[in-house]
Amino acid sequence: MGFKSAAFLSSLLALPLTTVAQSSETVLGVYIFHRHGDRTAKATPPANLTDLGYREVYERGQYYRSRYVASDATNPISGLNTDVVRLAQLAVTAPVDNVLQSSAAGFVQGLYPAAGNAASQTLRNGTSVEPPLGGFQIIPINIVSNGGAGSEDNGWLQDASSCANAETSSNNYFNSAQYQSLLKSTQSFYDRLDPVVNGSFSAAQTSFKNAYTIFDLINVAEIHNRTINSSNLLDTPTLFQLRTLADSHEYGLAYNASDDMRAIAGMQLAGEILDYLNSSITSFAKHNNKLGIQFGAYGTFFSFFGLANLTEASPNFFGVPDYASSMVFELVTTADVSKGAPSQDQINVRFLYHNGTSDNKTEPTAFPLFGQKSETVSWPDFVSNMSGISVTTTQEWCTKCGNFTGTCAAFAPSSGSSSSDSGSSSSGGGSHISTAVGGVIGAMVTLGVILGVEALILLLGGLRLVSKSRLAGAGVPNGAGTGAAVKA
């Protein structure tokens, strides 16, 4: 996973591009997972989508319109409305995040532009009513609960996650030999960059521990700032090393083959993809659920890359996806669909990836999923493989995450649960109390006994308690470089 793999990131767009869809194929449904466009830096919250970012996602929406939606689309989705959106055919989701929701809104404007007079209405009295904004089509952006809330304002990958075991798993990366080695070996590199970033990072914070937020700050400046402090230090090799160090750091936080709990975002995405594509098949006759679009953060990309073994298909999947990158899942068949939906064994899934926005006319590139050789996988095999890496129910999420309050309270373990069930959170088994939670409960019981003894002493000794004013607590700054790497 080191620099050698990440170094090939920029070559992805240079790979030979082929038109992967065949003329004999029918596209039954599509699911797109998309990253936001260009934004302001995480180190200067709140992060906002820039005009450039708005343009990027809008143009990607235009591209996918030309591929799947328009009347002359190159790979039209069967039964999908071409000009006036039918909301039952489209599902657009994003977490509660300004950058991601704004990106989703910009994307759908390119996907379904203003309909003009096609949407006008004539009233009973003969009056013709033209829609505002040239027929601007209102497409709702639904909220998806995938732990991405406020993700673009957070410096740490799991900051927005509410999954306790995922946060613990990610924190384990900081104890790994790889992290400790890079933290030590790269310190002189980061020390040299102190004049560039000292307006946002202290000397103690300027290290590999903050590899991504430092890279992100400089990357944003390289795009937008006319002047940069000590810019002479930012030559091409330095910028490249900043990027590859950030790649290594973030992949380590997002996925680990021996501890997949840190990939909870990818597990949820896998479940959402599987559910939507299945609904595309089951609702084929009604022409519903044709195109699912979800906007999310790069950490979810990374988690899914690892879970689906895409890193075996290309070393480029070890690199952070560029702005406006997208993963696409096409549901296709070569069967005759004029008489109804094909059988499941006649349906295949193709995975495609488009990294970045350098050329909005380029086709996404197909890659094999799950370590296979073929660029398509049969629907039954796709279901089997995705089911093995996905979280599909609230109860399963709560159990895996070790969360048993709030929404998860209904799935809290009973008092009679066996202690032998505690421990690993990677299993989707029944509810249980983890070792950490058990320790807290034990401590509370001990505290209760101590307080009871003290109360008895006070009573027998004729003593009483006198209230005193509370001392004001000292505030602790919460920012990059603090001791806790992943906060809920």
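Guide: Here are some questions and answers about this predicted model.

Guide: Residues are numbered from 1 along each chain as its sequence is written. In this predicted model, local features need pLDDT of at least 70, side-chain atom pairs count only at pLDDT 80 or more, totals for chains, interfaces and linings use all residues, and side-chain values use heavy atoms, with hydrogens and water left out.

Visitor: What is the mean pLDDT of the protein chain?

Guide: The mean is 82, and 75% of the residues reach 70 or more. Here pLDDT is the predictor's confidence in each residue, from 0 to 100. Over residues 1-22 the pLDDT is below 50, and that stretch has 41 contacts beyond near neighbours in sequence; a contact means heavy atoms within 4.5 Å. Residues 417-488 also have pLDDT below 50, with 66 such contacts in the model.

Visitor: How many helices and strands does the protein chain have?

Guide: There are 14 helices and 10 strands. They are DSSP runs numbered from the N terminus: H or I of at least four residues for helices, E of at least two for strands.

Visitor: Why is α8 called oblique to α9?

Guide: Helix α8 (residues 211-224) and helix α9 (residues 236-254) pack at an angle of about 140°, with their axes 8 Å apart. Angles under 35 degrees count as roughly parallel, over 145 as roughly antiparallel, 65 to 115 as roughly perpendicular and the rest as oblique, so α8 is oblique to α9. The axes are lines fitted to C-alpha atoms, for helices over the stretch in contact, and angles run from 0 to 180 degrees between N-to-C directions.

Visitor: What makes up the contact of α8 with α9, by class?

Guide: Nine nonpolar, one polar and three charged residues take part. Ala, Val, Leu, Ile, Met, Phe, Trp, Tyr, Cys and Pro count as nonpolar, Asp, Glu, Lys and Arg as charged, and the others, Gly among them, as polar.

Visitor: How do α9 and α11 lie relative to each other?

Guide: The axes of α9 and helix α11 (residues 298-307) cross at roughly 70° and come within 9 Å. The two helices are therefore roughly perpendicular to each other. On the α9 side, D247, E250, Y251 and A254 meet Y298, G299, F302, S303 and G306 of α11. By class, that contact has four nonpolar, three polar and two charged residues.

Visitor: Is A246 buried or exposed, and how do you know?

Guide: A246, in helix α9, has 0% relative accessibility and therefore counts as buried. Buried means under 20% relative accessible area, exposed over 50%, and partly exposed in between (1.4 Å probe, protein chains only). Leaving aside residues up to four places away in sequence, A246 touches A211, Y212, F215 and V320. Across the protein chain, buried residues make up 48% of the 488 residues.

Visitor: Is L133 buried or exposed? And what about F370?

Guide: L133 has 70% relative accessibility, so L133 counts as exposed. L133 sits in the loop between β4 (128-129) and β5 (142-143), with phi near 55°, a positive value in a residue other than glycine. F370 has a relative accessible area of 14% and is therefore buried. F370 is in the loop between β9 (365-366) and β10 (376-378), and its phi is near 60°, again positive in a residue other than glycine.

Visitor: What makes the peptide bond from P45 to P46 cis?

Guide: Its omega is near 0°. P46 lies in the loop between β1 (26-34) and α2 (51-69).
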